[in-house]
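Keep the sequence and the structure at hand while reading.

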Amino acid sequence: MTTTSAAADAAAVVRALRPRFADRLLTPDDTGFPAARQVWNAAVTRQPSVIARCADAADVRAAVRVAADAGMPLSVRAGGHDWAGRALRDGGLVVDLTGLREVTVDPVRRTATVQGGALATDLIAATAPHGLVTATGVVGSVGLAGLTTVGGYGPLIGRYGLALDNLLGAEVVLADGTTATAGPDDDAELWWALRGGGGNFGVVTKLRYRLHDLPSVLAGMLLFRYPEAGAVLRGYAEIVAGAPDDLTVMTGFLPGPDGRPLVFLCPFWSGTDAAAGERAVARLRSLGHPVVDQVGAMPYAAALRMFDASVVDGNHYLLRSRWLTDLSPDVADALVAGAGAVTSPYSALIVNRFHGAAARVDPGATAFAQRVPHQVVEVIAAWPPGESPDPHRAWADSVAAALDPVALPGGYPNLLGPDDDERARESYAGNLGRLLAAKRRYDPGNVFASAAPALVDVPRQPI
Ligand SMILES: Cc1cc2nc3c(=O)[nH]c(=O)nc-3n(C[C@H](O)[C@H](O)[C@H](O)COP(=O)(O)OP(=O)(O)OC[C@H]3O[C@@H](n4cnc5c(N)ncnc54)[C@H](O)[C@@H]3O)c2cc1C
């Protein structure tokens, strides 16, 4: 597409949408455009042509229809936390859902319905007064739809499964601008595909979640000095191998106050037996000499703020991620060496555990296929704007490469990037054929090409 025709397309899209959106339609000439374009990862430089701030599902339908008719690249933006910036496409139209964050809770039926732009923090703030929760990711500012439709690893995974295992139904605006209802008694194929296939089939305008009684969790950070890292990681591997569903522990390395990495353990005990939780935490504590110990009983909403300081908006980020069956001593050594070679005081290594309820779901029951217990390793390179990405990319690549010999095929598509399309498709194993068929059925023109995973090869856009 030439620049002239792209500009002409944008003008036609603006003309078609202006009467409905008025000043909620932003173009690069508008003063509000740069702020509306900003996503969590400031390394993302893509420049969309139009941002359509949707106020309801009818706006979403109109935006999808107009962009598809004009052949304009389309992307969907909610929490803006996809590190690879898939919420933006060069010269594209952004279906902006940041104004659609309403949450309705039914405490009797124990369900919550959220709009397509809602964040984890919105949902948990609404359910907390009822002592109810659902499975979310670990950071409150992440969008629920993007997280849930691809998987949704989180602190309650052992007890309640992935976020997508807690979904009861969804409303989706399809590529032709019509609305479909996905659920066990509605469009069953869309319902299957949506639980793992992400935003590939349409824009999710509503999600309904199952809720659970959980007034508080025993959770918090235990931080140890770097020289204790090997012992802490080996001990962690032993403890989690025999851990009950109620105990999910994250581990990894976070930057310390002097810029040197500290190894962390972050337990989440969601069981009713408080004494058993305290015993599990005591075992974790005894793996070294914690320099910070913040573990205590807290509402789940407070637990979702623990990582806020480490996920600063405005830095430049690049992720590499691998699935591993376990944290063997060799893997522990590789992570310790990787943390020791870190190139930036902002970078981190995070290990998330997949186990318990999530691992008891039949791999064919949802598009998300990897149901054996495993660990997800995130190698997060972060640096301030203005610095060259090269040393940080080289660091992340070398840490990930050291894990390759023992990595499982595939990886969590929400954390994989533009160079990992093949790896993302491998994640679906025996479900891939059915997922590709669903893509052909619901989005034959690949209108939702920027979703994770990339199911159809398209020319890559630089971040
Ligand atoms: C700091 C941080 C913490 C994270 N923690 C976790 C975690 O604990 N567990 C976990 O599983 N993942 C986690 N992730 C990954 C996260 O789930 C994905 O990046 C997710 O896509 C972010 O959604 P978003 O709405 O914030 O992002 P956006 O950048 O706004 O959206 C990303 C993409 O998701 C799709 N999407 C979003 N909303 C919709 C919708 N309503 N309809 C259709 N498609 C939609 C679109 O394809 C969109 O381009 C984390 C990411 C970050 C940066």
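Helices and strands are here DSSP runs, numbered from the N terminus; a helix is a run of H or I with at least four residues, and a strand is a run of E with at least two. The model is a predicted one.

Most residues other than glycine have a negative phi, and most peptide bonds are trans. Is asparagine 446 buried, exposed or partly exposed? A residue with 20 or more other C-beta atoms within 10 Å is buried, and one with 12 or fewer is exposed. Asparagine 446 has 17 other C-beta atoms within 10 Å, so it is partly exposed.

Alanine 22 also has a positive phi, near 50°. This residue lies in the loop between α1 (3-21) and β1. Alanine 22 is exposed because it has 8 other C-beta atoms within 10 Å.

The segment after α14 (432-442) also holds proline 453. Alanine 452 and proline 453 are joined by a cis peptide bond, with omega of about -5°.

An open sheet is formed by four strands in the order β1-β2-β4-β3, with mixed pairing. Its edge strands, β1 (25-26) and β3 (74-77), each pair on one side only. Strands of a sheet pair through backbone hydrogen bonds, either parallel or antiparallel. Between β3 and β4 (residues 93-96) the sense is parallel, over four bridges. Serine 75 stands opposite valine 94 in β4. Helix α3 (residues 57-70) packs on this sheet and touches β2 (50-53), β3 and β4. The direction of α3 makes about 165° with that of β4.

In soluble globular proteins, nonpolar side chains tend to be buried together. Here the largest nonpolar core has 159 residues. Those with the most contacts inside the core are Ala52, Ala63, Leu93, Val95 and Val172. Which residues does alanine 63 touch, leaving aside its neighbours within four places in sequence? They are Leu17, Ala52, Cys54, Leu93 and Val95.

Strand β15 (residues 261-269) is mostly covered, with nine of its nine residues buried. In a regular strand the side chains alternate between the two faces of the sheet. In β15, Pro261, Val263, Leu265, Pro267 and Trp269 point one way, while Leu262, Phe264, Cys266 and Phe268 point the other way.

| Strand | Sense of pairing with β15 | Bridges |
|---|---|---|
| β12 (residues 217-219) | antiparallel | two |
| β13 (residues 222-224) | antiparallel | three |
| β14 (residues 247-255) | antiparallel | nine |

Leucine 218 stands opposite tryptophan 269 in β15. The bridge partner of leucine 247 in β15 is tryptophan 269. Phenylalanine 224 stands opposite valine 263 in β15. The hairpin of β14 and β15 has five residues between the strands, and glycine 259 in this hairpin takes a positive phi near 85°.

## The shell around the ligand

Around the ligand there are 35 residues, and those that come nearest are Gly79, Gly137, Gly143, Gly146 and Gly199. At least two residues of the shell come from each of β3, α5 (144-150) and β10 (203-210). How many residues of the shell are nonpolar, polar and charged? The shell divides into 17 nonpolar, 15 polar and three charged residues.

## Two further helices

Helix α4 (residues 120-127) has the buried residues Ala120, Asp122, Leu123, Ile124 and Thr127. The elements that cover these buried residues include β5 (103-106), β6 (111-115), β7 (132-133), α5 and α10 (300-303).

Glycine 235 is found in helix α8 (residues 229-241). Glycine 235 has 19 C-beta neighbours inside 10 Å and therefore counts as partly exposed. Glycine 288 is 53 residues away from glycine 235 along the chain, and the C-alpha atoms of the two are separated by 9.5 Å.

Conventions. Residues are numbered from 1 along each chain as its sequence is written. This is a predicted model: local features need pLDDT of at least 70, side-chain atom pairs count only at pLDDT 80 or more; totals for chains, interfaces and linings use all residues. Two strands pair if DSSP finds at least two bridges between them. Two residues are in contact if their C-beta atoms, placed from the backbone, lie within 7 Å. Axes are lines fitted to C-alpha atoms, for helices over the stretch in contact, and angles run from 0 to 180 degrees between N-to-C directions. A nonpolar core is a set of buried Ala, Val, Leu, Ile, Met, Phe, Trp, Tyr and Cys residues joined through C-beta atoms within 7 Å. A residue is near a molecule or strand if its C-beta atom, placed from the backbone, lies within 6 Å of it. Ala, Val, Leu, Ile, Met, Phe, Trp, Tyr, Cys and Pro count as nonpolar, Asp, Glu, Lys and Arg as charged, and the others, Gly among them, as polar.
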